[in-house]
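Welcome! Try each task before you read its solution.

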Amino acid sequence: MHNLDPIISVSHLKKYFKVYKKEPGLLGSFKSLFNRTYEEVKAVDDISFTINQGEVVGFIGQNGAGKTTTLKILSGLLYPSEGEVSVLGYNPWDRKAVFQKQFALVMGQKNQLWWDLPAMETFLLNKAIYEIPDAPFKKTLDSLVELLGVQEILKIQVRKLSLGQRMKCELIAALLHNPKVLFLDEPTIGLDVVMQKALRDFIKDYNKEFNATIILTSHYMDDVKELCERAIIIDSGHKIFDGQLQDIIDKYARNKILSLVFSQAVTKKDIARFGEVKEYSEDGSHFTATITVPRKEATKVASNLLKLLPVEDLNIQEPSIEAVIREVFQTKNA
Amino acid sequence: MRKYWQLFLLSWQNGLVYRLSLLLWRLRQFLSTVMAMTIWTVVFTSQQTAFGYSQAQMITYIFTISILQSLVLASVLNGLSGEVYSGALSKELVKPLNLFAYLGIQDVADKAKNFIFVLIESALIFMIFKPELVLPNLTITIIFLVWLLGGMLLNFWISLLFGAIGFWSPQSWGPRFLFFMMVDFTAGKLFPLDILPQAVRAIVALTPFPYLSYYQTQLVLGRLDTAGVIQHSFILLLWVVVSGCCCIWLWKRGLQDYSAAGQ
């Protein structure tokens with residue numbers, strides 16, 4: 001159930017950083033003692049979007065695209081160079097307590113847990129910081145601990161925990177105050193596939209149960225595919241796509257994939273007449289191939305294939321989202 | 001207020017995790033006081049006064065300075081600029097916390113822990129040396145406590161000023177090191193400032209450094225007249241206000257340039 005008023009609105013957001021450039025080598029170091037050149041990096045360059053309550057939106061982009069910078073601005077950590085930002089009706093930069101009590105930021109690579117103390121101590125501190133009454137605290141904590149299966153590790157020093165265990169505790173610490181808005185920056189980074197799946201399921205449940213608005217950045221397309229209906233693709237500080245994840249394929253995929261199984265020997269050259277051969281194998285009795293053809297011609301090519309070659313089985317597929325996005329970035333950077 | 005109390009408790013627990021490190025650090029403080037006591041006790045076996053200090057005054061000086069050292073100069077905020085530069089501060093910035101109160105509570109918790117140890121160590125030293133001490137009257141004690149708070153606040157602002165360097169540069173250790181050197185010379189940590197020539201003393205008196213502990217010791221020893229007490233109270237207050245204002249301005253400015261690098 002999506003509320004129509006946007007919970008998050010970003011308009012013409014820009015964030016520029018000044019970075020110091022050094023020439024390579026020792027000589028460059030000496031030169032830089034006297035004269036330094038600075039360069040302006042446009043981490044976020046005129047991005048606008050709105051997000052409604054209950055939406056789960058995936059931010060997709062390469063390293064340094066501006067995903068994390070945008071999340072940091074939405075959390076009130078960074079001061080925008082230009083543009084308007086509103087989260088839950090507040091300007092995040094004002095860092096009002098009433099706003100801060102309604103959101104949480106989880107960064108996969110960094111932690112808010114006190115490193116030398118058991119996670120439970122951080123939970124109790126957060127209880128006090130977010131002014132959570134005893135009863136709801138206990139209820140939320142119990143359910144989170146049970147959901148994530150971390151009963152046994154709450155009294156162990158955080159530095160002794162595995163990455164997966166720590167990440168679970170990080171999530172608990174971030175969710176104790178039941179945030180309405182959740183910013184997750186690479187929440188599954190470094191975790192094994194089983195743990196990634198567990199966290200994903202958990203995030204999905206949290207969204208459903210509390211109608212929470214979630215923005216997620218991830219390098220793993222599986223995270224985005226499984227959790228987000230909507231994706232925003234950011235490249236070099238610009239938004240290049242905003243819409244349903246499935247629409248990325250319609251918009252950017254130029255080809256379709258045809259998987260073929262032949263009943264008799266067919267040469268690679270024969271197949272190449274119909275499209276670009278991606279895979280070809282023959283072991284004397286089985287002959288298979290995969291080709292890509294322009295989307296609009298897929299049906300026509302398929303029918304020609306059936307007519308002209310000894311095709312036993314034919315399958316027309318959409319390319320994977322990963323492949324399409326890879327193609328988007330490659331074409332842009334070519 | 002509960003959140004700050006909880007933070008106070010947690011800072012204490014955090015400070016008590018590494019027992020060996022805590023023990024060795026206290027041992028170092030303890031031994032340095034014992035060494036100073038031994039040296040001055042030896043010096044006073046052959047003379048009645050040294051640099052205008054009687055033996056009782058000098059021993060009281062060492063006691064007072066070791067307490068002030070723990071309460072004023074020791075600070076957990078020495079690494080603050082690193083936290084700012086690395087972006088580790090982000091986890092506090094997104095929470096409904098007053099940042100200065102958060103940092104202040106950690107500092108106070110550390111000082112309170114130090115103070116308890118200093119009391120125990122002082123009792124031990126007292127048993128070993130059985131020294132004669134100069135004890136201040138009630139008025140002086142009250143003024144001392146106010147100056148002590150003033151010194152703590154001044155050092156807190158100074159630590160925050162150094163911490164703010166992290167907004168623009170990773171290199172805060174250069175200036176910080178210079179500051180430690182200045183403190184060693186001008187806060188009376190190594191020797192009473194009376195040893196310095198009058199002209200140098202007059203200049204040092206205008207800097208914030210002697211207000212971190214030196215004048216507090218002079219007050220306890222009864223070496224300041226009423227005019228001196230008023231003058232130094234005024235300068236201390238001035239430094240607290242000036243450094244506090246600079247700090248608030250600089251942090252406001254710094255947070256706008258904060259890049260939360262890596263975090």
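**Exercise 1. The interface**

How much area do chain A and chain B bury between them, and what share of it is on carbon and sulfur atoms?

*Solution.* Before we start, note that this is a predicted model, in which local features need pLDDT of at least 70, side-chain atom pairs count only at pLDDT 80 or more, and totals for chains, interfaces and linings use all residues. Residues are numbered from 1 along each chain as its sequence is written, chains are lettered from A in the order in which they are written, and side-chain values use heavy atoms, leaving out hydrogens and water.

Step 1: The two chains bury about 2,700 Å², with 62% of it on carbon and sulfur atoms. Buried area is the accessible area (1.4 Å probe) that two parts lose on being put together, summed over both.

Step 2: On the chain A side, A:Leu77, A:Trp114 and A:Ile129 lose the most area to chain B, together 23% of what that side buries.

Step 3: Chain A brings 32 residues to the contact and chain B brings 25 residues, where contact means heavy atoms within 4.5 Å.

**Exercise 2. A proline in a loop**

Find A:Pro80 and decide: is A:Pro80 buried or exposed?

*Solution.* Step 1: Go to the loop between H2 and strand S4 (82-87) of chain A, where A:Pro80 lies. Helices (H or I, at least four residues) and strands (E, at least two) are DSSP runs, numbered from the N terminus.

Step 1: A:Pro80 is buried because its relative accessible area is 18%; buried means under 20%, exposed over 50%, and partly exposed in between (1.4 Å probe, protein chains only).

Step 2: Leaving aside neighbours within four places in sequence, A:Pro80 is in contact with A:Leu13, A:Lys14, A:Lys15 and A:Ile73.

Step 3: From A:Pro80 to A:Thr69, count 11 residues in sequence and 9.6 Å in space, C-alpha to C-alpha.

**Exercise 3. An aspartate in a helix**

Which residues does B:Asp110 touch, not counting residues up to four places away in sequence?

*Solution.* Step 1: Look in helix H6 (residues 99-129) of chain B, where B:Asp110 is found.

Step 1: B:Asp110 has 12% relative accessibility, so B:Asp110 counts as buried.

Step 2: The residues that B:Asp110 touches are B:Ser75 and B:Val76, with residues up to four places away in sequence not counted.
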